[in-house]
Amino acid sequence: MKIGVIGGGAWGTALAQVAARGGDVLLWAREPDVVESINGRHENLTFLPGVPLSPDIRATGLLADLAGRDALLVVAPAQHVGAVLEATPVGRTPLVLCAKGIEAGTRRLVGEVAQAAHAEAPIAVLSGPTFAHEVAAGLPTAVTLACADDALQARLAGRLASPSFRPYASADVIGAEIGGAVKNVLAIACGVVEGAGLGQNARAALIARGFAEMTRFGMARGARPETLAGLSGLGDLVLTCSSTSSRNFSLGLGLGRGARAIDLLADRRTVAEGAFTAPVLAEAAAEAGVDMPITAAVCRLLDGVPARAVIDDLLARPLRDEG
Ligand SMILES: NC(=O)C1=CN([C@@H]2O[C@H](COP(=O)(O)OP(=O)(O)OC[C@H]3O[C@@H](n4cnc5c(N)ncnc54)[C@H](O)[C@@H]3O)[C@@H](O)[C@H]2O)C=CC1
Ligand SMILES: O=C(CO)COP(=O)(O)O
């Protein structure tokens, strides 16, 4: 199975490294310096510096070069997946969606964006607790690889698996997507807890109540509870709510220390997906009649409301059942 990768950020590069264990990989990157650095130095100096890459990874700046690949891993940021896929020759080639987010404006999950662009392409979702630098370094990692077609799921899993990269099977594509999209927003909130010095009890409470939020929203959208409690949901939530390696957590850390979102987000080359997902997730939750107070709080922080006021309001909410 010849693999193509769409996106030369940290995660696309790390996944190319995973796929290169089983054969050559062609990676499309938007930035000419990334193409040059991968082909010339076997390193992605811009987005994953310091990790030696397999010589079996070749980079290109032309999406047309991806024609003829047997599967494409889609690793552009969620807000750009639609535009990039529209320009990619896909046909019936399976698309493995690896971005985590919801498209602003349309409120579509990345899988829905992909199906709208290429109705005949089968889709799968790869998601889980996966910091790119650890995966690229070959540290043990497990993911959910969800696909409605069992045979395709098994072929993709077999192609990507190694002793240090374990894809677990699921047929719940929506559930796998929702966990990854929602946890980015909750990771911002966890960073705020840390930045404002609210303590470890508060962080654990936020993870548990955040998971309740993720579950309510996921169930309303048809996700299975066991998927949300698995690698792509709770697993990824725990990872990104515990570490400054998470860009979303780090954004929240800055907000909790009093910085303004507009300043923290200016001029960054790396993506903190939660900042884009939060407002559209809040809209989707309102539409579905789902209460998501932590998501609403993150939206207010991103709108410039000071962290102290947002925290006070969250803690002053009426007492309620835990369920
Ligand atoms: N970095 C990580 O550890 C992980 C990231 N992800 C997800 O993977 C997706 C990609 O993230 P990263 O690879 O980390 O990105 P990154 O933050 O390392 O790099 C930014 C990426 O955005 C791309 N980009 C910027 N403007 C663009 C545009 N107008 N059109 C198309 N692409 C554009 C850049 O080319 C680059 O590939 C995100 O949805 C992220 O949530 C998922 C799992 C782990
Ligand atoms: O999704 C990730 C790990 O699973 C990466 O998290 P950040 O985008 O917050 O860095």
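The following questions and answers examine a predicted model and the terms used to describe it.

Residues are numbered from 1 along each chain as its sequence is written, and chains are lettered from A and ligands numbered from 1 in the order in which they are written. Because the model is predicted, local features need pLDDT of at least 70 and side-chain atom pairs count only at pLDDT 80 or more, while totals for chains, interfaces and linings use all residues.

Q: Why is Lys183 called buried?
A: A residue is buried if 20 or more other C-beta atoms lie within 10 Å of its own, exposed if 12 or fewer, and partly exposed in between, with C-beta atoms placed from the backbone. Lys183 has 33 C-beta neighbours inside 10 Å, and therefore counts as buried.

Q: Where is Lys183 found, and which feature does UniProt place there?
A: Lys183 is found in helix α7; helices (H or I, at least four residues) and strands (E, at least two) are DSSP runs, numbered from the N terminus. An unreviewed UniProt entry places the feature "active site" at Lys183. UniProt positions follow the numbering used here, feature names are shortened, and annotations may be inferred rather than shown by experiment.

Q: What does Lys183 touch, not counting residues up to four places away in sequence?
A: Two residues are in contact if their C-beta atoms, placed from the backbone, lie within 7 Å. By this rule Lys183 touches Met214, Asp236, Leu237 and Thr240.

Q: Which residues come nearest to ligand 2?
A: A residue is near a molecule or strand if its C-beta atom, placed from the backbone, lies within 6 Å of it. There are 13 residues around ligand 2, and Thr130, Asp236, Ser246, Arg247 and Asn248 come nearest. The unreviewed UniProt entry lists these positions under "binding site": Lys100, Gly128, Thr130, Lys183, Asp236, Ser246, Arg247 and Asn248.

Q: How do the residues of the shell around ligand 2 divide?
A: Ala, Val, Leu, Ile, Met, Phe, Trp, Tyr, Cys and Pro count as nonpolar, Asp, Glu, Lys and Arg as charged, and the others, Gly among them, as polar. On that basis the shell holds 4 nonpolar, 5 polar and 4 charged residues. Helix α10 gives the most, with 3 residues.

Q: Why does ligand 2 lie between domain 1 and domain 2?
A: The domain bounds come from an automatic or database domain assignment, which divides the chain into domain 1 (3–171) and domain 2 (180–315). Both domains give residues to the shell around ligand 2, so it lies between them.

Q: What makes Thr130 buried?
A: Thr130 has 25 other C-beta atoms within 10 Å, so it is buried. Its place is in the loop between β6 (123–127) and α5 (132–136). Thr130 touches Val135, Thr141 and Val143, leaving out residues up to four places away in sequence.

Q: Are Lys100 and Arg247 buried or exposed?
A: Lys100 has 30 other C-beta atoms within 10 Å, so it is buried. Arg247 counts as buried because it has 21 C-beta neighbours inside 10 Å. Lys100 is found in the loop between β5 (95–97) and α4 (110–117), whereas Arg247 is found in helix α11. Leaving aside neighbours within four places in sequence, Arg247 is in contact with Thr270, Val271 and Ala272.

Q: Which residues are closest to ligand 1, and how does its shell divide?
A: Of the 25 residues that surround ligand 1, the closest are Gly9, Trp11, Ala99, Ala132 and Thr270. The shell divides into 13 nonpolar, 8 polar and 4 charged residues. Domain 1 and domain 2 each supply at least three residues to the shell around ligand 1.
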